[in-house]
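My notes follow the structure.

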Amino acid sequence: MRHHHVLADGVRLHYAEAGDPGAPPVLLVHGFPQHWYTWRHLLPGLAGEYRLICLDMPGFGWSEASPGGYGTDRRAADLVAVLDALGLERVRLLAHDWGAWAGFLACARSPERFSHFLALNMVHPWPTRRNTLRHAWRFWYTVLLEWPPLGRQVLRRWPAFTRYLLRRGVADRAAWRAGEVEEFATAARQPRSARAGEGIHRAFVAHDIAALRRKEFHSLRLTVPTVLLAGERDVVIPPGLLACGEPFADALAVEVLPGCGHCPQHERPELVVAAARRLFAS
């Protein structure tokens, strides 16, 4: 791994890089409560073909906090700002969880910057109201994260809760290698990371839920070829929540990973690598 920092829209962001710097670039964007290290099991399978840029989103890992907040619009703009700062005209995008949520908006609003999008374990911006209401109970844990200053205090003072979320997210707890859960739980305790975790959840409740209810995202069209990987046993974003996105996209496919939970990059990295190769080569 090669570690670098880049100044993107005034924020100093860290990214870890693997593969040939001259190879086609892939931007990898983590979810909550993780950082660049979540991609380490994918690197051996993809670094021989691509330049892998594993970004720490603002506030997470070794990146600075965002002075502009953590709303989805801002985080989607951050992805494009990183490409500008690195001088990359167009990349393939691989993102997980909240990183994928920002990725959907980035691809829909700046399609010329992304050639392909592999989204892991996140609902697209066009779920049906019926499906949303049916699965709303799955997000009970966000009540402890979305209210300032409670959310940041939970993340800073109660690492057992973060460990619980990570272990609950996988179908088989043996998928976590030694030290991984502790690494992410400890990183989430940093003041800037705790604020970022709170800010992402708060922004979704304060803005995105209302936008979904008003069907504001229906004005967007996804033209970037996209595959959405779903874990068959994902307790947060089950496959049933991912229906009905096709009318808003030129090429959107949902693939279900059998026996997998919410973190396929840890549970079944070989399947994620295979899906990335298929999509990126298309």
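**Ground rules.** I am working from a predicted model, where local features need pLDDT of at least 70, side-chain atom pairs count only at pLDDT 80 or more, and totals for chains, interfaces and linings use all residues. Residues are numbered from 1 along each chain as its sequence is written, and side-chain values use heavy atoms, with hydrogens and water left out.

**Largest pocket.** I searched a 1 Å grid over the protein atoms alone; a pocket is an open set of points with protein on both sides within 12 Å along at least five of seven lines, a cavity is a set where a 1.4 Å probe fits but cannot get out, and lining residues have an atom within 4 Å of a point. Grid points are joined across faces, edges and corners, and a volume is the space filled by probe spheres set on the points. The largest pocket holds about 770 Å³. I noted 31 lining residues, with Pro127, Thr132, Phe204, Ile209 and Leu212 nearest the centre. I took helices (H or I, at least four residues) and strands (E, at least two) as DSSP runs, numbered from the N terminus. Helix H4 (129–135) and helix H8 (191–213) each supply at least two residues of this lining, and H8 gives the most, with 7 residues. I sorted residues by class: Ala, Val, Leu, Ile, Met, Phe, Trp, Tyr, Cys and Pro count as nonpolar, Asp, Glu, Lys and Arg as charged, and the others, Gly among them, as polar. The lining of the largest pocket comes to 19 nonpolar, 6 polar and 6 charged.

**Second largest pocket.** I read a volume of about 180 Å³ here. Its lining has 13 residues, and Asp73, Arg109, Asp208, Ala211 and Phe217 lie nearest the centre. Helix H2 (72–86), helix H3 (98–109) and H8 give two or more residues each. H8 has the largest share, 3 residues. By class I wrote down 4 nonpolar, 4 polar and 5 charged for the second largest pocket.

**Cavities.** I found 4 cavities of 30 Å³ or more. The largest cavity has about 170 Å³ of space. Its lining is 15 residues, with Phe32, Pro33, Tyr141, Leu165 and His262 closest to the centre. Helix H6 (residues 159–169) gives the most to that lining, with 4 residues.

**Cysteines.** How many disulfides are there? I count 0, taking a disulfide as a pair of cysteine sulfur atoms within 2.5 Å. For Cys107, the closest cysteine sulfur is in Cys54, 17 Å away, so the two are too far apart for a bond. I use buried for under 20% relative accessible area, exposed for over 50%, and partly exposed in between (1.4 Å probe, protein chains only). Cys107 is buried at 0%, whereas Cys244 is partly exposed at 38%.

**Helix H3.** I find 11 of its 12 residues buried, Trp98, Trp101, Phe104 and Cys107 among them. Contact means heavy atoms within 4.5 Å. The buried residues of H3 pack against H2, H8 and several strands, including strand E5 (91–96) and strand E6 (114–120).

**Leu83.** I place Leu83 in helix H2, where Leu83 is buried at 1% relative accessibility. Leaving aside neighbours within four places in sequence, Leu83 is in contact with Leu27, Leu88, Val91, Arg113 and Phe114. Leu83 and Arg113 are 30 residues apart in sequence and 8.1 Å apart in space, C-alpha to C-alpha.
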